[in-house]
Amino acid sequence: MIKLCIVLGVVCTLSGLALGLVYQVTERPIEEAARRALERSLGVVLPRAARFSAERVTPCAGGGEAVYYEGYASDGALVGYALMGGKQGYQSYIKVLVGIDPAGVIQGIDVLQQAETPGLGARIEEVAARETLWGRLHQVFAGEAPPSSPGRPWFGQQFDGRTIDRLTLIVPPRQGDGIHALTGATITSRALTDAVEESIERFLSTRRGGADSDGG
Amino acid sequence: MSPGREFTKGIFKLNPIFVLLLGLCPTLAVSVRVVDALGMGCATTFVLLCSNMAVALLSGILRKHATEDFYRKLQKIRIPMYIVIIASFVTVVELFMKGFTPALHKSLGIFVPLIVVNCIILGRAEAFASKNRLSASFLDALGMGIGFTLGLCLLATFREVLGAGKFFGYPVFGKGFQPVLIMALPPGAFLTIGLLMGWFHLMKMRKRGKGQ
């Protein structure tokens, strides 16, 4: 019995050592990749900002906290805030980054994390295709490089230039001004829209709370 | 079995997806897009190669140096040993994916850590690598891995073209194409696997019929 434990222990120790080694090698690249992904998202939601502050966490008046980044132009002027938001979707938690200017107008949104149904809810990250497979193959054989940036998801682009009071969800076949839900993925569309709305509300409430305490 | 046979059996005669019907859970989940299928296939192949070789090496050493009585006793802990080995290699793959291909890691999500419980890997460790030499186990794993990857990509091709109208992320059809949504959902994978399996069997039966 003890001998069996020793054999199993040796196997586990060797595995543990190997894992420790790999972890050390990949620790840096993993941090780097996460940082790059966040930087890319910040650039998407606040296109006019040249640099960003570190993460800011402010407690809200009604409980919870607002997590955000400040964006500055190259001349040092404040151009807006990137707010972290999130909400349970149809089958996964949807995390979103929302960029607003100081007046509260949405500059852009970017979905950071989601695992919704492929072909339905996952289309919140679908990028409108610019070319067909045949066009792309033609390019490959002609030796042309693919387009450098794949473009932004069209669902998120609907939020650009809107304020918090213009985020009504329009479920097809209804028409009108607002965020048009994805066909067959109303729950996902609503969750994302709510996440955007709530993150802005939370952020604005910290501002108001701050102004009150300043006055008092 | 000749080395060539050892390699090709995983691709055709004992294809993990269409013949052995192993590892169907990740197969249903990641065969929606060809890119993901290819990534998952490569990750699984890597884990399969490493675990098969490690298991073959370990059981070779134990068979050689342990007394017959102790070797028999060791059989009691062989599954925990395989799982530790497989889980380690899966963690290695996940760490590397996170660091060097974050986009692929994001789209494969939970299915990378779940390679641990993929039946193909434990199945090959138990049925083949623990009884065979290192070189044979290597070829077996390579063949099985390629067979799994090809099967996954074949399924994903059908599902992506019909379910999204795309191949490798690029639209195949004109603007008027209405995607067949069920193909992108799990039932689409069952339908495709069933129809492809039926077709493969039909081909096999025809071939046999001709031979007689």
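Begin by selecting Leu21(B), which is partly exposed because its relative accessible area is 38% (buried means under 20% relative accessible area, exposed over 50%, and partly exposed in between, with a 1.4 Å probe and protein chains only). This is a predicted model, in which local features need pLDDT of at least 70 and side-chain atom pairs count only at pLDDT 80 or more, whereas totals for chains, interfaces and linings use all residues. Residues are numbered from 1 along each chain as its sequence is written, chains are lettered from A and ligands numbered from 1 in the order in which they are written, and side-chain values use heavy atoms, with hydrogens and water left out.

Leu21(B) lies in the loop between helix H1 (3–8) and H2 of chain B (helices, H or I with at least four residues, and strands, E with at least two, are DSSP runs numbered from the N terminus). Its phi is near 55°, a positive value in a residue other than glycine.

**Leu24(B) and helix H2**

Next, select Leu24(B), which is found in helix H2 (residues 24–30) of chain B. Leu24(B) is partly exposed because its relative accessible area is 25%. Leaving aside residues up to four places away in sequence, Leu24(B) touches Ile17(B) and Ile193(B) (contact means heavy atoms within 4.5 Å).

**Asp36(B) and helix H3**

Move on to Asp36(B) in helix H3 (residues 34–65) of chain B. Is Asp36(B) buried or exposed? Asp36(B) counts as buried because its relative accessibility is 8%. Not counting residues up to four places away in sequence, Asp36(B) touches Val30(B), Ser107(B) and Leu108(B).

**Chain B as a whole**

The C-alpha trace of chain B spans about 70 × 55 × 25 Å along its principal axes. Of its 212 residues, 44% count as buried. Among the contacts in chain B with a separation of 6 or more, 75% come from residues 24 or more positions apart. The accessible surface of chain B is about 10800 Å², and 72% of that belongs to carbon and sulfur atoms (areas come from the Shrake-Rupley method with a 1.4 Å probe; for residues, only the protein chains shown count as cover).

**The second largest pocket**

Within chain B, select Ile11(B), Phe12(B), Asn15(B), Val19(B) and Phe200(B), which lie nearest the centre of the second largest pocket among its 15 lining residues. A pocket is an open set of points on a 1 Å grid over the protein atoms alone, with protein on both sides within 12 Å along at least five of seven lines; a cavity is a set where a 1.4 Å probe fits but cannot get out, and lining residues have an atom within 4 Å of a point. Helix H8 (134–164) and helix H10 (186–211) of chain B are the elements that give two or more residues to this lining, and H10(B) gives the most, with six. The pocket holds about 480 Å³ of space (grid points are joined across faces, edges and corners, and a volume is the space filled by probe spheres set on the points). By class, its lining has nine nonpolar, three polar and three charged residues (Ala, Val, Leu, Ile, Met, Phe, Trp, Tyr, Cys and Pro count as nonpolar, Asp, Glu, Lys and Arg as charged, and the others, Gly among them, as polar).

**The contact between the chains**

Display both chains. Chain A and chain B each contribute 29 residues to the contact. Together they bury about 2500 Å², 80% of it on carbon and sulfur atoms (buried area is the accessible area, with a 1.4 Å probe, that two parts lose on being put together, summed over both). On the chain A side, select Leu4(A), Leu19(A) and Leu133(A), which lose the most area to chain B, together 21% of what that side buries.

For the largest, select its lining residues, including Val44(A), Ile109(A), Ile124(A) and Arg152(A). Strand E6(A) gives the most to this lining, with three residues.

Finish at Pro173(A), in the loop between strand E7 (169–170) and strand E8 (179–180) of chain A. A cis peptide bond joins Pro172(A) and Pro173(A), with omega about 10°.
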